[in-house]
Amino acid sequence: MAPTPAGNRRTRVHVVSDVHGNARDLARAGEGADALICLGDLVLFLDYADHSRGIFPDLFGVENADRIVELRTARRFEEARELGTRLWAGIGESRAEVIERAVRKQYAEMFAAFPTPTYATYGNVDMPTLWSEYAGPGTTVLDGERVEIGGWVFGFVGGGLRTPMRTPYEISDEEYAAKIEAVGEVDVLCTHIPPEVPELVYDTVARRFERGSRALLDAIRRTRPRYALFGHIHQPMVRRMRIGATECVNVGHFAGSGKPWALEW
């Protein structure tokens, strides 16, 4: 992480989201910046671009990964759940124990790759209860909280809203709205999911609308932060748009690009 030169008031932060197992590029993501911001989804359960990668194909093979992606893409969620139930029944161990063991292995690698300082919040596929075990002294985890970086106030809200996918950190709309309210007025509002705007929540490869937050959209209109930064949508219809005074930016699918989004002021 590059120190800020003496007398130079400019600050540069690099922002990543949807890391999904890309520890190699994560270790370099803070180069040239004063801080790294991570908007979650460190875990790789199943790579929709490469079905051979992730916890699911490691356990059940690529053919089953192909099939479950096909079912989910077709929004045949009940059939996907039935397939998953049959596959897990053949494991012979508790599903929760198997997943936690695999996630712990990934978290050990991901958190070791974070530079100092890193400010991070959870994605919808993350397991928040484990983060405190892996976050070192250089990593600050924030959820419904604020922090000052270079004279600007950054607010962080992690997780996603409830969906048929039933990923690990999905919460109710009310709980999510309460975290947005707790953050209040900030210069930069950092979330995992986008505001509920059709162009920002549609994934052009998965061919479906993901869930964005109406409470987040209302907060952007009401509090007018300079920036609203988010991820979650890997291949959005629109990566950047203005809502009133706020520049809304999907910082990119880091697992695929390996490149952080940069903000300097």
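Is Arg166 buried or exposed? Arg166 is exposed, because its relative accessibility is 60%; the cut-offs are under 20% relative accessible area for buried, over 50% for exposed and partly exposed in between, with a 1.4 Å probe and protein chains only. The model is predicted, so local features need pLDDT of at least 70 and side-chain atom pairs count only at pLDDT 80 or more, while totals for chains, interfaces and linings use all residues. Residues are numbered from 1 along each chain as its sequence is written, and side-chain values use heavy atoms, with hydrogens and water left out.

Arg166 sits in the loop between strand S7 (160-161) and strand S8 (170-171). Helices and strands here are DSSP runs numbered from the N terminus, helices being H or I with at least four residues and strands E with at least two. Although Arg166 is not a glycine, its phi is positive, at about 55 degrees. A positive phi is also found at His232, about 75 degrees, and His232 is not a glycine either. His232 belongs to the loop between strand S12 (227-230) and strand S13 (240-243). With 15% relative accessibility, His232 counts as buried.

A further backbone feature is the peptide bond from Thr116 to Pro117, which is cis, with omega near -5 degrees. Pro117 is in the loop between H5 and strand S3 (118-120).

Helix H5 spans residues 95-113 and contains Phe111. Phe111 counts as buried, at 6% relative accessibility. Neighbours within four places in sequence aside, Phe111 is in contact (heavy atoms within 4.5 Å) with Leu42, Trp131, Tyr134, Ala135 and Thr139. Another pairing across the chain is that of Phe111 with Ala27: 84 residues separate them in sequence, and their C-alpha atoms are 9.4 Å apart.

Strand S8, at the other end of the loop that holds Arg166, includes Glu170. The relative accessible area of Glu170 is 14%, so this residue is buried. With neighbours within four places in sequence left aside, the contacts of Glu170 are Gly160, Leu161, Arg162, Thr163 and Met165. Glu170 and Glu210 are 40 residues apart in sequence, with 13 Å between their C-alpha atoms.

Two helix pairs can be described by their axes, which are lines fitted to C-alpha atoms, for helices over the stretch in contact, with angles running from 0 to 180 degrees between N-to-C directions. In the H3 and H4 pair, helix H3 covers residues 62-73 and helix H4 residues 77-89; their axes come within 8 Å and cross at roughly 155 degrees. H3 is therefore roughly antiparallel to H4; angles under 35 degrees count as roughly parallel, over 145 as roughly antiparallel, 65 to 115 as roughly perpendicular and the rest as oblique. The H3 and H4 crossing is left-handed, a term used if the near helix is turned anticlockwise from the far one by less than a right angle, with right-handed used if clockwise. On the H3 side, Asn64, Arg67, Ile68, Leu71 and Arg72 meet Phe77, Glu79, Ala80, Leu83 and Leu87 of H4. By class, this contact has six nonpolar, one polar and three charged residues. The classes are nonpolar for Ala, Val, Leu, Ile, Met, Phe, Trp, Tyr, Cys and Pro, charged for Asp, Glu, Lys and Arg, and polar for the others, Gly among them.

In the second pair, the axes of H7 and helix H9 (residues 214-223) come within 9 Å and cross at roughly 20 degrees. H7 and H9 are therefore roughly parallel, and their crossing is right-handed. Tyr176, Ala177, Ile180 and Glu181 of H7 meet Ala215, Leu216, Ala219 and Arg222 of H9. This contact has six nonpolar, no polar and two charged residues.

Ala177, one of the H7 residues in that contact, lies in a helix that spans residues 173-183. At 28% relative accessibility, Ala177 is partly exposed. Its C-alpha atom is 9.6 Å from that of Val157, 20 residues away along the chain.

The cysteines come last. If a disulfide is a pair of cysteine sulfur atoms within 2.5 Å, the count is zero. Cys190 is in no disulfide, and the nearest cysteine sulfur, that of Cys38, is 11 Å away. Cys190 counts as buried, at 0% relative accessibility. Cys248 is likewise in no disulfide; its nearest cysteine sulfur belongs to Cys190, 12 Å away. Cys248 has a relative accessible area of 0% and is therefore buried.
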